[in-house]
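Morning, everyone. Let me put the structure up, and then I'll walk through a metal site, some salt bridges and a pocket.

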Amino acid sequence: MSRILVIEDEQAIADLERDYLELSGFDVDIEHDGKAGMKKALSRHYDMYILDVMLPGIDGFEICSKIRNLRDTPIIMVSARKEDIDKIRGLGLGADDYMTKPFSPSELVARVKAHMARYRRLTNSDDNGTDRSITIRGLRMDPESHRVWVNGEEKSLTTKEFEVLFFLAEHPNHVFTKEELFRRVWNMDSYGDIATVTVHVKKVRDKIEKDKNNPEYIETIWGVGYRFKR
Ligand code: CA
């Protein structure tokens with residue numbers, strides 16, 4: 001099911017958007033504050049973002065350009081002010097569409113569907129039909145969308161957490177030192193702070209392992225590093 005993040009500080013509008021989108025079969029998350037919204041937007045996979053422009057904390061312009069720097073996911077911006085629409089165009093923030101409040105919720109739904117369909121066509125024509133996702137003992141990882149499921153339940157990983165996990169899973173039973181992982185996943189020399197590897201592996205385990213002391217997937221090889229158990 002496609003998941004949409006709505007960042008909108010006006011409760012009534014957010015609720016209305018959610019009601020209509022859910023009726024059309026979408027999963028909807030809502031954030032009312034810019035800062036929390038930005039964090040949510042980047043912490044997990046979404047198929048669409050609907051951003052209000054005027055928000056407490058961080059405004060919609062900034063959230064839009066931040067998302068666009070990292071992802072191609074469609075973005076619809078909404079604003080009560082007509083001049084914001086010109087600004088969105090002028091700044092080239094990468095928004096796919098914009099709507100002025102008040103708008104009809106069914107018009108919003110229609111545009112959401114259109115942009116999602118277009119995006120799907122784009123991404124499908126880009127790949128060569130090979131599914132690179134890996135499934136091992138109930139753990140499924142999809143490198144296209146960076147999504148992870150454990151026994152069907154989706155887990156929310158950051159980009160780097162996903163990359164560490166996926167890299168290890170692509171090389172099952174191979175023991176990697178922290179230095180190697182740092183070099184391969186972070187693309188840097190091992191002179192950087194390799195403690196970041198330990199931190200990321202711990203966070204991944206917190207999210208995917210039932211028992212962190214007896215991990216089912218990422219095993220610690222004491223004094224050496226980590227390996228993904230096949
Ligand atoms: Ca607002």
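First, a term for accessibility. Buried means under 20% relative accessible area, exposed means over 50%, and partly exposed is in between, using a 1.4 Å probe and protein chains only. Now the ground rules. This is a predicted model, so local features need pLDDT of at least 70 and side-chain atom pairs count only at pLDDT 80 or more, while totals for chains, interfaces and linings use all residues. Residues are numbered from 1 along each chain as its sequence is written, and side-chain values use heavy atoms, with hydrogens and water left out.

Start with the metal. Which residues coordinate the calcium ion? Asp9 and Asp52 each give an OD atom, and Met54 gives its O, at 2.1 to 2.3 Å. Donors here are N, O and S atoms within 2.8 Å of the metal, or 3.2 Å for Na, K and Ca; water is not among the atoms, so sites may look incomplete. Along the chain, the donor spacing reads D-x42-D-x1-M. Asp9 sits in the loop between strand 1 (3–7) and helix 1 (11–23), and Met54 in the loop between strand 3 (48–52) and helix 3 (60–70), so this pair ties together parts 45 residues apart in sequence. Helices (H or I, at least four residues) and strands (E, at least two) are DSSP runs, numbered from the N terminus. Asp9 counts as partly exposed because its relative accessibility is 32%.

Next, salt bridges. The rule: a side-chain nitrogen of Lys or Arg within 4 Å of a carboxyl oxygen of Asp or Glu. How many salt bridges does that rule give? The count is 21.

Take Asp27 and Arg3. Their side chains meet at 3.4 Å, N to O. Asp27 is in strand 2 (residues 27–31) and Arg3 in strand 1, so the link spans distant parts of the chain, 24 residues apart. Buried or partly exposed? Arg3, at 16% relative accessibility, is buried; Asp27, at 26%, is partly exposed.

Then Lys101 and Glu10. Again a salt bridge, with the closest N and O atoms 3.4 Å apart. Lys101 lies in the loop between strand 5 (97–100) and helix 5 (105–126), and Glu10 in the loop between strand 1 and helix 1, so the pair ties together parts 91 residues apart in sequence. Lys101 is buried at 13%, and Glu10 is partly exposed at 41%.

Arg111 and Glu107 form a salt bridge at 2.7 Å, N to O. Both lie in helix 5, four residues apart, about one turn of the helix. Arg111 is partly exposed at 25%, and so is Glu107 at 34%. There is also a network: salt bridges with shared partners join Glu8, Glu10, Asp52 and Lys101.

Last, the second largest pocket. A pocket is found on a 1 Å grid over the protein atoms alone, as an open set of points where a 1.4 Å probe fits, with protein on both sides within 12 Å along at least five of seven lines; lining residues have an atom within 4 Å of a point. The volume is about 160 Å³, meaning the space filled by probe spheres set on the points, which are joined across faces, edges and corners. Among the lining residues are Arg205, Lys212, Trp222 and Lys229. By class, the lining has two nonpolar, three polar and four charged residues. Asp, Glu, Lys and Arg count as charged; Ala, Val, Leu, Ile, Met, Phe, Trp, Tyr, Cys and Pro as nonpolar; the others, Gly among them, as polar.
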